[in-house]
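I am opening a page for a structure that I have not looked at before.

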Amino acid sequence: MIFISVNTPTKLGGVGSGSASDLAYVESAARHIAEVSTTDKIIVEKSTVPCGTAESLREIFAGLADPTVKFHILSNPEFLAEGTAINDLLEPDRILIGHLPEENAAADALVDVYSAWVPKDRIKTINLWSSELAKLAANCMLAQRISSINSLSAVCEATGADIDEVAFAVGLDTRIGSRMLKASAGFGGSCFKKDVLSLVYISETLHLPEVAEYWRSVVEINEYQKHRFTNRIIKRLYNTLSRKKIAVLGFAYKKNTGDTRETAAITVISQLIAEGAKVAIYDPQVSEQQIFNDLQSANPTLNIKDSITIYHDAVSACSDACAIAILTEWDQFKTDLIPEPEPQPELLNKAPVAQLRALTIDEGTISDHSSASSDAGSESPDYNGTHASPLSTPPSETALEGKPGSERVNWSRIAQVMRRPRLVFDGRNVVDAQRLASLGFRVECIGKAGARPHVRA
Ligand code: UGA
């Protein structure tokens with residue numbers, strides 16, 4: 001039994017360039033297997049491939065292999081996600097095995113492999129073509145949920161609705177469910193965009209332009225969301241970023257990985273640089289070289305080192321910064337160790353939205369805390385002034401840094417070293433705006449009405 005588990009990136013040239021999946025590695029693996037096989041083989045397609053790829057494999061084996069050797073082809077798509085891969089492997093929701101009716105025995109052999117640790121009722125055998133399409137469909141529908149919630153985040157920001165509450169309320173409908181409904185500055189990773197575009201291409205080649213257009217809009221909303229996030233920063237900084245230092249916390253496409261493929265950070269930072277900003281970047285896991293390479297290839301006409309500096313701690317990155325943009329939901333950036341501020345009735349009366357007890361969704365669990373964007377700072381903007389000092393007595397630094405294994409960035413210290421009005425743009429809704437407000441920050445979250453500059457009565 002041989003598993004083909006190779007990359008199927010988006011094609012960068014030729015027919016289908018920019019949307020079709022590049023099957024060169026799959027083909028080369030199949031050719032090699034065909035050339036060296038002397039006994040019957042079960043070939044398992046693990047890579048994410050367009051519907052119909054098994055048929056192409058069959059042709060390769062028929063054309064190149066020893067005619068006495070039999071090849072059975074199964075589809076067995078991979079559903080693990082980065083950061084949770086081992087758990088996903090050990091406790092999968094489901095195992096899909098796609099096969100042709102005449103290849104029952106081969107499918108049974110693969111069922112036996114998984115039965116060693118996966119309960120039988122989670123191992124599903126289905127039609128070969130359904131299995132290939134189901135993998136693409138799963139990623140496309142997950143990406144579509146994120147684009148849907150992100151589109152609604154724009155409506156929330158314009159109306160005063162809170163996207164975490166909307167996601168919570170909608171997710172309670174068991175037909176919808178609560179997962180993959182976290183609004184963000186845009187999804188990244190090597191799979192979602194590639195797989196949606198692959199489905200777009202398949203639909204186009206099947207002469208289904210409406211279907212292609214529908215799925216393309218999932219990627220378009222994602223691009224829109226990244227630019228919308230950056231535009232909010234630009235607008236809040238008076239439409240000019242020229243020579244202003246912007247700190248970016250997080251570069252990976254999600255937490256618990258150093259992977260940067262298609263990360264929203266590349267788009268956001270490139271736009272900030274185009275506006276003349278000096279960008280200071282901190283990520284706990286992504287290497288300096290990786291960040292330089294990603295941003296240099298996204299901006300080939302610039303010398304990227306003129307516009308970005310990479311730091312090895314968050315406080316240094318934020319020192320002297322006019323604003324902070326959080327682009328990865330690293331636990332380090334959480335504010336849970338900052339004491340919850342006392343309710344301020346006067347402020348609550350002025351801002352009805354802030355009276356709501358917000359319910360935020362964190363990997364399926366609901367935590368109850370006030371999350372409306374806040375405006376605790378009363379200073380006027382001072383981008384060229386001296387470092388700001390916290391408005392209230394900061395909690396002790398050790399308390400904010402936490403115990404080993406639960407390290408948190410020192411927000412109190414950051415409040416001291418960054419410039420007023422200490423703007424934080426949270427592209428992952430990872431911080432508690434009220435707690436940061438108690439340290440003098442003004443927080444703009446995705447899908448929540450923004451902090452307004454203080455207006456004196
Ligand atoms: C995704 C799928 O989740 C896996 O099931 C699939 O096996 C994998 O692709 C694959 O095809 O190999 P992955 O890309 O590693 O996994 O990561 P996800 O957890 O799905 O996150 C993708 C992006 O969506 C990240 O940028 C994440 O921050 C973002 N996201 C995720 C949101 O913006 N909101 C959410 O609610 C969830």
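**Entry 1, a sheet.** I began with strand β7 (residues 278-282), which pairs with β8 in the parallel sense over four bridges; I take strands as DSSP runs of E with at least two residues, helices as runs of H or I with at least four, both numbered from the N terminus, and I call two strands paired if DSSP finds at least two bridges between them. Within this pair, A280 stands opposite T309 in β8. I noted that the model is a predicted one, in which local features need pLDDT of at least 70 and side-chain atom pairs count only at pLDDT 80 or more, while totals for chains, interfaces and linings use all residues. Residues are numbered from 1 along each chain as its sequence is written, and side-chain values use heavy atoms, with hydrogens and water left out.

I then looked up the helices beside these strands. Helix α10 (residues 288-298) packs on the sheet and touches β7 and β8, and its direction makes about 160 degrees with that of β8; contact here means heavy atoms within 4.5 Å, and the angles, which run from 0 to 180 degrees, lie between N-to-C directions of lines fitted to C-alpha atoms, for helices over the stretch in contact.

Which strands make up the open sheet, and in what order? I read six strands in the order β8-β7-β6-β9-β12-β13, with parallel pairing. The edge strands are β8 (308-311) and β13 (442-445), each of which pairs on one side only. From one strand to the next the twist averages 20 degrees.

Next I turned to β2 (residues 41-45), where five of the five residues are buried, a word I use for under 20% relative accessible area, with exposed for over 50% and partly exposed in between (1.4 Å probe, protein chains only). From this strand K41, I43 and E45 point one way, while I42 and V44 point the other way.

Strand β1 (residues 2-4) and β2 pair in the parallel sense over three bridges, and F3 stands opposite V44 in β2. Between these two strands the chain passes through helix α1 (residues 24-36), and this β-α-β crossover is right-handed, meaning that, with the strands pointing away from the viewer, the path from the first strand over the helix to the second runs clockwise.

To strand β3 (residues 71-75), β2 is joined by five bridges, again in parallel, and I42 stands opposite H72 in β3. The chain crosses from β2 to β3 through helix α2 (residues 53-64), and this β-α-β crossover is right-handed too.

I count as a nonpolar core a set of buried Ala, Val, Leu, Ile, Met, Phe, Trp, Tyr and Cys residues joined through side-chain atoms within 4.5 Å. Which residues touch the most other members of the largest one? In that core of 68 residues they are I269, I281, I308, I324, W411, I414 and F441. Helix α9 (residues 264-274) gives the most to this core, with six residues.

A second, separate core has 17 residues, among them A30, I33, I43 and I60.

T260 lies in the loop between β6 (245-249) and α9. Is T260 buried or exposed? I found T260 buried, with a relative accessible area of 3%. Its contacts, not counting residues up to four places away in sequence, include F251, Y253, I266 and D294. The side chains of T260 and D294 are joined by a polar contact of 2.5 Å, that is, a pair of N or O atoms within 3.5 Å, of which, within protein, one must be able to donate a hydrogen and the other to accept it, with residues adjacent in sequence counted only if both atoms are side-chain atoms.

K448 lies in the segment after β13 and counts as buried, at 3% relative accessibility. A polar contact of 2.9 Å joins the side chains of K448 and D164.

N139, in helix α5 (residues 128-159), is buried as well, with a relative accessible area of 8%. Beyond four places in sequence, N139 touches C191, F192 and D195.
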